[in-house]
Amino acid sequence: MTDALALARNIDVQDSLDILSGMVRHKSYSETPGERVLAEHMVALMQDMGMEAWLMPVEGDRVNAIGIWRGTGGGKSLLFNGHLDTNPVTEGWTVDPWGGLVDDEFIYGIGVSNMKAGDAAYLCALRTLIRNGVRLKGDVILTFVIGELQGGVGTLAAVKSGLRADYFINAEPSDLQAITMHAAAFTFVVELEGVTRHLSKREAAVDAIRAACDLIPELTDLTFSDAPTAEHRAINRVHVGVIHGALGRELHEWRPPQVADFVRLKGSGRYGPGQTEENALADMRRVLDGLMARWPGLRATVHTEKAEGRPIMPAFEVARDSRIVTAINAAYSAVRGVPQPTGAIPPPGFFGTDAGHLYEGGMEGVVCGPGGRYNTMPDERVEIVDYLDMIRVYLMTICDICEAE
């Protein structure tokens, strides 16, 4: 019988760190040729492990890296999912973003938290099992996709190709928490039209900028009326991220003595599974109606905005007593000696992830990955202990779901 916990406690730490450092050193900015180079690197790693591995076309020259470790039969299959594309480097870094630096506490690099540490963790978990001669009854499928930052085009291509498993783990950074529900996302635009006058007569004007200042806190505090449970409501959120105000729809800025008569706000909303974008917009419309009542003469509209040819990230959920959830809970408890935090936990509950596409594709799974605490910031990093424990948790979960012989 395979002692999964013993294997988990004896993973090759240096090899695991080297694998992740090597991935970080690949500059895989989203929608650049570096994506493909890293995908080719992942295929080579999987082939060296003895897996079936190939590049899957997505769009243009963009490709996913896919690998399968075939089971002997009779077990459940498990698919791991994570993206290779990263955000760009921002100002403020004090270490080389592509150096793969490892110190006593962290491993650093752009994309290491979002989400190369998760990608490397499931590769290293399976790598450990293969190197130790463990045979599994069920298949393990590793998907390293691109285009998560364009709405999940890589994972959607994998799903449409027919790639599927009984269960999945999406390795987005959750600080090793088991996320059983996350929100769907939408982009909205609010336009406010007031009445301009010279500042000497501003009492007779309808100031669109001041009305926007009144509106934004109310939008920020909004949750949606169709939330079926408190847990769903906990991942409802509205955020205004862009504000432009000046004169007319062309937003002329050369005449500041005039009261601004036009403001355009752009933001993003989040709602849970079973809730709808239509209801979210209706709730926002009611807020705008209240604003117009407080600001006579103001006109306000709201509409959604979608990127042409790009999917949206759907909501996702899984029952807490699902086998994949109880399996990863048990693995976490064995590795860390405490219960695993589980549920629609913020901030990951507000994320959009590729788990939504897998869920809509008919698969049952959970979101759980290393990183998150130092995500999308200068000197992005992941705690080494979290990365190594994630490998251990994934390894034990594979043995449970796919049944080690």
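The model is predicted: local features need pLDDT of at least 70, side-chain atom pairs count only at pLDDT 80 or more, and totals for chains, interfaces and linings use all residues. Residues are numbered from 1 along each chain as its sequence is written, and side-chain values use heavy atoms, with hydrogens and water left out.

**Exercise 1.** Place Gly-352 in the fold and list its contacts beyond four places in sequence.

*Solution.* 
- Step 1. Gly-352 sits in the loop between β14 (342–343) and α10 (355–360). Helices (H or I, at least four residues) and strands (E, at least two) are DSSP runs, numbered from the N terminus.
- Step 2. With neighbours within four places set aside, Gly-352 is in contact (heavy atoms within 4.5 Å) with Glu-148, His-182, Ala-183 and Met-313.
- Step 3. Arg-9 is 343 residues from Gly-352 along the chain, and their C-alpha atoms are separated by 33 Å.

**Exercise 2.** Describe the largest pocket by its volume, its lining and the elements that contribute to the lining.

*Solution.* 
- Step 1. A 1 Å grid is laid over the protein atoms alone; a cavity is a set of points where a 1.4 Å probe fits but cannot get out, a pocket is an open set with protein on both sides within 12 Å along at least five of seven lines, and lining residues have an atom within 4 Å of a point. A volume is the space filled by probe spheres set on the points, which are joined across faces, edges and corners.
- Step 2. The largest pocket holds about 930 Å³ of space.
- Step 3. Its lining has 30 residues; nearest the centre are Ala-185, Ser-268, Arg-270, Met-313 and Gly-352.
- Step 4. Two or more lining residues come from each of β9 (184–193), β10 (237–246), β11 (262–271) and β12 (299–305).
- Step 5. By class, the lining has 11 nonpolar, 11 polar and 8 charged residues (nonpolar: Ala, Val, Leu, Ile, Met, Phe, Trp, Tyr, Cys and Pro; charged: Asp, Glu, Lys and Arg; polar: the others, Gly among them).

**Exercise 3.** Which residues of helix α5 (residues 153–160) are buried, and against which elements do they pack?

*Solution.* 
- Step 1. Val-153, Gly-154, Thr-155, Ala-158 and Val-159 are buried.
- Step 2. These buried residues pack against β1 (52–59), β2 (62–69), β3 (78–83), β5 (140–145) and α10.
- Step 3. After α5 comes Gly-162, with a positive phi near 100 degrees.

**Exercise 4.** Compare the linings of the cavities of 30 Å³ or more.

*Solution.* 
- Step 1. The whole structure contains 2 such cavities.
- Step 2. The largest cavity has a volume of about 40 Å³, and its lining includes Asp-175, Arg-373 and Asp-386. Strand β16 (residues 381–383) gives the largest share, 3 residues.
- Step 3. That lining has 2 nonpolar, 2 polar and 5 charged residues.
- Step 4. The second largest cavity, about 30 Å³, is lined by Leu-79, Asn-81, Thr-143, Thr-155, Ala-158, Val-159, Leu-163 and Leu-358. Here α5 gives the largest share, 3 residues.
- Step 5. The lining of the second largest cavity has 5 nonpolar, 3 polar and no charged residues.

**Exercise 5.** State whether Asp-15 is buried or exposed, and name its contacts.

*Solution.* 
- Step 1. Asp-15 belongs to helix α2 (residues 13–24).
- Step 2. With a relative accessible area of 16%, Asp-15 is buried.
- Step 3. Beyond four places in sequence, Asp-15 is in contact with Arg-127 and Arg-131.

Terms used. Buried < 20%, exposed > 50% of the residue type's maximum accessible area, 1.4 Å probe, protein only.
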